[in-house]
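Please read the following account with the sequence and the coordinates at hand. It goes through helix packing, aromatic pairs and a few individual residues in turn.

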Amino acid sequence: MKNVQISEELFVVIMRYFMLEQEEMLPQIKQGLEKKLDAMVMRELYTKYKTAPTEEEKEKARKEYLDRRGVPESFRW
């Protein structure tokens, strides 16, 4: 299983939520975790694109990566 790193700021917010029971931290935690998850997904797609065994899989991963990144079709190569 892989390890995941989060920012110190997010860690402190999570600690305040659980240790000090500061419920108002929940939206900030959700936002930080969603941002981290998006970064992980983007990294996974990029890795698939670079390491795909076939050209078909490579192109599929590249298209999905660019779609998620928001690059318009007219700007792609």
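This is a predicted model: local features need pLDDT of at least 70, side-chain atom pairs count only at pLDDT 80 or more; totals for chains, interfaces and linings use all residues.

Residues are numbered from 1 along each chain as its sequence is written, and side-chain values use heavy atoms, with hydrogens and water left out.

Two packed helices are described by the angle between their axes and the distance between the axes. The axes of helix 2 and helix 3 come within 8 Å and cross at roughly 150°, where helices are DSSP runs of H or I with at least four residues, numbered from the N terminus, and where axes are lines fitted to C-alpha atoms over the stretch in contact, with angles running from 0 to 180 degrees between N-to-C directions. Helix 2 is therefore roughly antiparallel to helix 3, a term that applies to angles over 145 degrees. The crossing of helix 2 past helix 3 is left-handed, meaning that the near helix is turned anticlockwise from the far one by less than a right angle. On the helix 2 side the contact (heavy atoms within 4.5 Å) is made by residues including Val-41, Met-42 and Leu-45, and on the helix 3 side by residues including Ala-61, Arg-62 and Glu-64.

Arg-62, which has its place in helix 3, counts as buried at 10% relative accessibility; buried means under 20% relative accessible area, exposed over 50%, and partly exposed in between, with a 1.4 Å probe and protein chains only. Leaving aside residues up to four places away in sequence, Arg-62 touches Tyr-49 and Trp-77.

Rings of Phe, Tyr and Trp (its six-membered ring) pair if their centres lie within 6.5 Å, and planes under 30 degrees apart count as stacked, over 60 as edge-to-face and the rest as tilted. By this rule the count comes to 3 aromatic pairs. In one of them, the ring centres of Tyr-17 and Phe-18 are 4.9 Å apart and the planes stand at 90°, so this pair is edge-to-face. Tyr-17 is buried, with a relative accessible area of 17%, whereas Phe-18 is exposed at 57%. The pair of Tyr-46 and Tyr-65 is tilted, with 5.8 Å from centre to centre and 55° between the planes. Because Tyr-46 lies in helix 2 (residues 26-51) and Tyr-65 in helix 3 (residues 55-69), this pair ties together parts that are 19 residues apart in sequence. Tyr-46 is partly exposed at 32% relative accessibility, and Tyr-65 is buried at 18%. The charged end of Lys-58 sits over the ring of Tyr-49, 5.9 Å from its centre, the rule being that NZ of Lys or CZ of Arg is within 6 Å of the ring centre and within 35 degrees of the ring normal.

Apart from residues up to four places away in sequence, Leu-10 touches Gln-28, Ile-29, Gly-32 and Leu-33.

Most residues other than glycine have a negative phi. Glu-21, although not a glycine, has a positive phi of about 55°; Glu-21 lies in the loop between helix 1 and helix 2 and is exposed at 62% relative accessibility.

Technical notes:
Helices (H or I, at least four residues) and strands (E, at least two) are DSSP runs, numbered from the N terminus. Angles under 35 degrees count as roughly parallel, over 145 as roughly antiparallel, 65 to 115 as roughly perpendicular and the rest as oblique.
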